[in-house]
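Have a look at the model first.

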Amino acid sequence: MFAARQVSQSVFGAVQRRAFSATASNASKVTVLGAAGGIGQPLSLLLKLNPRVSELALYDIKGAPGVAADISHINTKSIVKGYDPTPEGVKECLTGAEIVLIPAGVPRKPGMTRDDLFNTNGSIVRDLAKAAADACPDANILVISNPVNSTVPITAEVFKSKGVYNPKRLFGVTTLDVVRASRFISQLKSTDPANENITVIGGHSGATIVPLLSQAGYSLEGAERDEYVRRVQFGGDEVVQAKGGAGSATLSMAMAGARFAESLLKAAQGQKGVIEPTFVDSPLYKDQGVTYFASQVELGPNGVEKIHPVGKVTEYEQGLLDVCLKDLKGNIEKGEKWVKENMGN
Ligand SMILES: NC(=O)c1ccc[n+]([C@@H]2O[C@H](COP(=O)([O-])OP(=O)(O)OC[C@H]3O[C@@H](n4cnc5c(N)ncnc54)[C@H](O)[C@@H]3O)[C@@H](O)[C@H]2O)c1
Ligand SMILES: O=C(O)C[C@H](O)C(=O)O
């Protein structure tokens with residue numbers, strides 16, 4: 001019995017060390033809004049395993065205190081607290097947060113696009129953004145709820161309306177596209193996916209997701225190339241279909257969200273050269289009316305440190321980018337227009 005306990009602790013310790021090899025130097029409060037959901041629960045679990053997190057604050061319209069009680073028994077140092085779904089609860093949960101992750105909202109069912117979630121999730125994200133703008137205007141806000149191409153502009157407009165918008169602190173989480181693009185190329189090329197890091201630019205839905213294989217030195221041709229791009233662009237649909245009405249990607253998204261939060265924490269705690277593709281207020285295509293765009297972004301203590309240009313692309317990739325920009329512009333404008341007309345109190 002004792003031996004078994006020793007073994008399991010050491011195996012789990014090794015997993016934890018491999019997953020997050022950092023030693024915490026600075027304390028950070030991280031808040032998850034939608035913490036009892038399909039993404040929220042495993043995301044909160046991964047954040048509890050991260051030694052860079054000192055306090056984990058969980059909020060949901062139902063079930064956050066239960067998730068918090070469960071996770072709080074894990075033998076890592078961070079304090080975990082779940083909050084009741086009241087205005088005071090969400091305020092307390094957000095106050096002092098350095099990072100706020102928002103996976104609150106409904107997921108897709110087969111046959112739906114992400115844009116079909118717009119009305120429901122737009123209101124949810126708008127209201128949570130209002131609470132964040134009031135309680136922690138300087139926090140990094142990480143929007144996961146779909147449609148990201150519209151929920152990020154909605155969040156920005158809420159922060160602007162309260163006079164606290166800082167474009168360096170608002171991120172649409174597109175890490176799952178990078179994770180998929182890297183995994184899928186490794187399957188084709190029989191490489192170690194951990195060593196792949198395919199840049200994905202644009203936005204987070206269908207044709208707005210543009211993987212840049214050429215920048216990783218790969219050149220697929222013909223049907224193989226088209227199938228790879230289609231799989232990256234519609235990887236989310238693959239999961240939605242497979243789950244058959246029970247939701248969309250949750251576990252891979254939790255990993256991707258935890259990875260992005262870890263990158264921000266590393267950068268905030270002084271690590272240089274931390275770069276992740278993410279959907280931000282970007283100058284790259286503003287002249288074409290596309291005000292938010294995902295590209296490689298260097299992170300720092302103030303959030304966005306540097307937005308890297310897209311760089312050299314092939315003619316084929318330029319074709320994908322042209323389609324992306326057209327769709328993205330519409331998604332962004334839709335979010336901005338809706339929230340301006342529906343800002344509420
Ligand atoms: N950015 C991405 O790459 C990505 C990937 C996967 C899923 N998503 C999106 O993430 C969202 C969540 O997906 P899920 O599978 O976790 O859904 P889910 O239904 O399992 O969980 C959502 C949670 O949000 C909570 N919630 C709803 N309204 C809330 C509010 N006003 N305040 C606080 N909590 C609230 C619900 O109670 C629920 O627990 C969806 O919109 C989905 O499309 C994005
Ligand atoms: O596909 C979805 O609806 C969820 C998410 O955006 C994904 O890419 O898996």
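## A pair to start with

Which side chain meets Arg108 in a salt bridge? That would be Asp237, with N to O at 3.1 Å; a salt bridge here is a side-chain nitrogen of Lys or Arg within 4 Å of a carboxyl oxygen of Asp or Glu.

A word on ground rules: this is a predicted model, where local features need pLDDT of at least 70 and side-chain atom pairs count only at pLDDT 80 or more, while totals for chains, interfaces and linings use all residues. Residues are numbered from 1 along each chain as its sequence is written, chains are lettered from A and ligands numbered from 1 in the order in which they are written, and side-chain values use heavy atoms, leaving out hydrogens and water.

In terms of contact (heavy atoms within 4.5 Å), 39 residues of domain 1 touch 45 residues of domain 2.

Together the domains bury about 3,400 Å², 60% of it from carbon and sulfur atoms; buried area is the accessible area (1.4 Å probe) that two parts lose on being put together, summed over both. Arg52, Asn149 and Val173 supply 21% of what domain 1 buries against domain 2, more than any other three residues.

## Polar links across it

The interface has 2 salt bridges and 17 residue pairs in polar contact, both residues at pLDDT 80 or more. A polar contact is a pair of N or O atoms within 3.5 Å; within protein, one must be able to donate a hydrogen and the other to accept it, and residues adjacent in sequence count only if both atoms are side-chain atoms.

## Salt bridges elsewhere in the picture

The structure holds 15 salt bridges. In one of them, Glu262 pairs with Arg52, the closest N and O atoms being 3.6 Å apart. Both Glu262 and Arg52 are buried (under 20% relative accessible area; exposed is over 50%, partly exposed in between, 1.4 Å probe, protein chains only), each with a value of 8%.

Lys334 and Asp115 also meet, at 2.8 Å, N to O. Lys334 is partly exposed at 34%, and Asp115 is partly exposed at 31%. Asp281 and Lys286 pair at 2.7 Å; Asp281 is buried at 17%, whereas Lys286 is partly exposed at 40%. Finally, Glu157, Lys160 and Lys340 form a salt-bridge network.
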